[in-house]
Amino acid sequence: MSEKTIFQKIIDREIPAPLVYEDDLVAAFNDINPQAPVHVLIVPKKVISRVGEAMAGDQATLGALLLAAGKIAEKLGVSDRGKGFRLVINHGRDAGETVPHMHVHLLAGRSLNWPPG
Ligand code: 5GP
């Protein structure tokens, strides 16, 4: 069996990180190197290496990630349109992917530039 990803170890409670949110399919915790006042990583419990490698059978998990994002944003008080948040999924080198366990970045708490860098 291949070695666990850092995110699997967090989900399995082998590495301590307070969970911001958890349900049957996903868990969420704060990024160790935040790029905004709010920077949460939403991670599927099932390892999908990157979004472009998800399979048809992963549909419920992919949906759960976005539903969780909405709930977390609401919980953290950034879902109001007067504030707002951004979701980012990095796939591969050019996008800046560093952890090969798919995750959604939820960024908020400051004005975010568009287009992104
Ligand atoms: P990627 O670049 O793959 O889209 O995002 C990986 C993210 O994981 C980065 O923002 C990085 O700061 C975060 N990260 C890496 N290692 C850890 C860790 O051990 N704990 C937490 N909470 N975040 C991590």
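The model is predicted, with local features requiring pLDDT of at least 70 and side-chain atom pairs pLDDT 80 or more, while totals for chains, interfaces and linings use all residues. Residues are numbered from 1 along each chain as its sequence is written, and side-chain values use heavy atoms, without hydrogens and water.

Next, display strand β4 (residues 85-88), which is antiparallel to β5 and joined to it by four bridges. Strands here are DSSP runs of E with at least two residues, helices are runs of H or I with at least four, and both are numbered from the N terminus; two strands pair if DSSP finds at least two bridges between them.

Now select β5 itself, residues 104-108, where five of five residues are buried (under 20% relative accessible area; exposed is over 50% and partly exposed in between, with a 1.4 Å probe and protein chains only). One face carries Val104, Leu106 and Ala108, the other His105 and Leu107.

Finally, move to phenylalanine 7 and phenylalanine 29, an edge-to-face aromatic pair with 5.5 Å between centres and 65° between planes. Rings of Phe, Tyr and Trp (its six-membered ring) pair if their centres lie within 6.5 Å; planes under 30 degrees apart are stacked, over 60 edge-to-face and the rest tilted. Phenylalanine 7 belongs to helix α1 (residues 6-11) and phenylalanine 29 to strand β2 (residues 26-30), so the pair ties together parts 22 residues apart in sequence.
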